[in-house]
Amino acid sequence: MMRALVYHGPKNVSVDEVPDAKIEKPTDALIKITTTNICGSDLHMYEGRTDVEEGKVLGHENMGEVIEVGDGVDRVKVGDMVCLPFNIGCGFCKNCEAGRTGFCLTANPGNAGAAYGYADMGPYNGGQAELLRVPYADWNALVLPEDAREKEKDYVMLSDILPTGYHGTELAQVGIGESVVIWGAGPVGLMAAMSARLRGADQVFVVDRQSDRLKLAEQLDATPIDDSKGDAVQQILDATRGEGADKGVEAVGYQAHDHEGQERPGLTINSLIQAVRPTGRIGVVGVFVPEDPEAEDDLAKEGKFGFDFGTFFFKGQAMGTGQCNTKQYNRQLRNLIHRGKLNPGLIVSHELNLDQAAEGYKNFDDRLDGWTKVLLHP
Ligand SMILES: NC(=O)c1ccc[n+]([C@@H]2O[C@H](COP(=O)([O-])OP(=O)(O)OC[C@H]3O[C@@H](n4cnc5c(N)ncnc54)[C@H](O)[C@@H]3O)[C@@H](O)[C@H]2O)c1
Ligand SMILES: [Zn+2]
Ligand SMILES: [Zn+2]
């Protein structure tokens with residue numbers, strides 16, 4: 001038996017004894033987890049806003065040591081330190097072949113996209129546990145260099161939020177000398193700010209109302225925009241000669257709320273349409289869902305909201321969306337971490353033992369001051 005963080009219902013998770021993860025197919029590897037993160041995506045499940053099954057082990061941001069490989073695994077070796085993309089891909093379907101590993105057609109039959117410990121993303125347990133089974137290990141595992149342990153806080157971000165933030169800037173096609181506005185200063189928004197800098201953006205604005213997170217945005221050389229201190233769209237227009245930013249990134253998702261706490265799923269998208277200049281592109285990496293039965297209004301229950309399409313069309317804007325294809329970027333971003341050119345670990349606020357996971361979930365979900373990114377060590 002192993003210890004793992006199990007979902008029991010809304011705001012009810014605990015570390016329990018569950019059967020050990022094990023090799024089930026010859027293409028699997030078994031990982032002893034050294035670090036596993038809590039993600040903003042976990043909070044949608046934690047708050048009971050998905051149909052994740054009770055009894056599921058959560059955790060899709062995983063890193064650890066390979067302790068066993070199946071007979072069909074050639075590249076990955078026992079003893080390797082690896083970081084796992086949150087998406088599980090097969091490597092041979094139409095989408096994986098095209099690099100769209102977030103939309104694998106094999107790993108979650110009948111759907112496009114699989115992940116560890118996640119609602120609607122296949123039967124896979126997560127890595128907030130002592131052990132993790134990694135399917136199609138040769139394809140999925142990113143092997144880390146010899147400084148893996150020393151830079152663990154940085155490398156573990158390759159599992160999700162760093163590539164996802166980067167994906168937001170790729171969907172928006174952020175280029176040199178451009179201005180970018182990012183909605184959301186959570187871990188994903190902060191990683192998008194870091195990525196926009198990496199791609200040579202000139203001005204980077206980050207919108208939120210959590211002062212601790214806005215401070216981190218400032219540390220990343222971005223301009224914090226506090227929307228509780230005045231309309232964020234107007235603040236962006238004022239800072240860009242009335243034109244709007246060249247590009248935009250959505251890093252909040254369907255549980256976006258106004259600064260009084262009222263949920264408004266269309267708020268960030270429609271604000272981006274206003275705050276981005278004509279012909280600008282918007283990358284949406286915040287998660288939106290096709291069904292949300294617990295939502296406050298009838299439209300939102302069906303995953304819908306009023307979209308300001310007239311303005312979007314008149315401005316000739318374009319929008320890219322979806323889960324990050326982590327494997328498209330994780331190798332290159334790993335190299336930048338190795339060479340000391342990126343340090344995504346600077347946003348880590350708490351490192352807890354796995355046994356303290358439930359407390360970590362609660363405090364991160366309450367967005368307690370200073371709880372930016374939580375790492376768990378089994
Ligand atoms: N596309 C992907 O592959 C992918 C991967 C990881 C996470 N995500 C999603 O990205 C989103 C962000 O993740 P995170 O870990 O940063 O989450 P988080 O919940 O920690 O951060 C969200 C931030 O948005 C802020 N916010 C809420 N409403 C706002 C509004 N109207 N305007 C401005 N800011 C607002 C909150 O204060 C918070 O700081 C989530 O929806 C998550 O599920 C997507
Ligand atoms: Zn995540
Ligand atoms: Zn595939």
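View 1. Helices (H or I, at least four residues) and strands (E, at least two) are DSSP runs, numbered from the N terminus. This is a predicted model, in which local features need pLDDT of at least 70, side-chain atom pairs count only at pLDDT 80 or more, and totals for chains, interfaces and linings use all residues. Residues are numbered from 1 along each chain as its sequence is written, and chains are lettered from A and ligands numbered from 1 in the order in which they are written.

**View 2. The buried face of helix H7.** Helix H7 spans residues 211-219, and Arg213, Leu214, Leu216 and Ala217 in it are buried (20 or more other C-beta atoms within 10 Å of the residue's own, with C-beta atoms placed from the backbone). These residues lie on the same side of H7 because they cover an arc of only 155 degrees around the axis, taken from the directions from the helix axis to the C-beta atoms. The buried residues of H7 pack against helix H6 (187-198), strand E9 (203-208) and strand E10 (223-226); contact requires C-beta atoms, placed from the backbone, within 7 Å.

**View 3. Helix H8 and its cover.** In helix H8 (residues 232-239), the buried residues are Ala232, Val233 and Ile236. Their arc around the axis is only 105 degrees, which puts them on the same side of H8. Strand E8 (179-183), E9, E10, strand E11 (245-250) and helix H9 (267-275) are among the elements covering these residues. Just after H8, Arg241 has a positive phi of about 55 degrees.

Note on methods. Buried ≥ 20, exposed ≤ 12 C-beta atoms within 10 Å, placed from the backbone. Contact = placed C-beta atoms within 7 Å.
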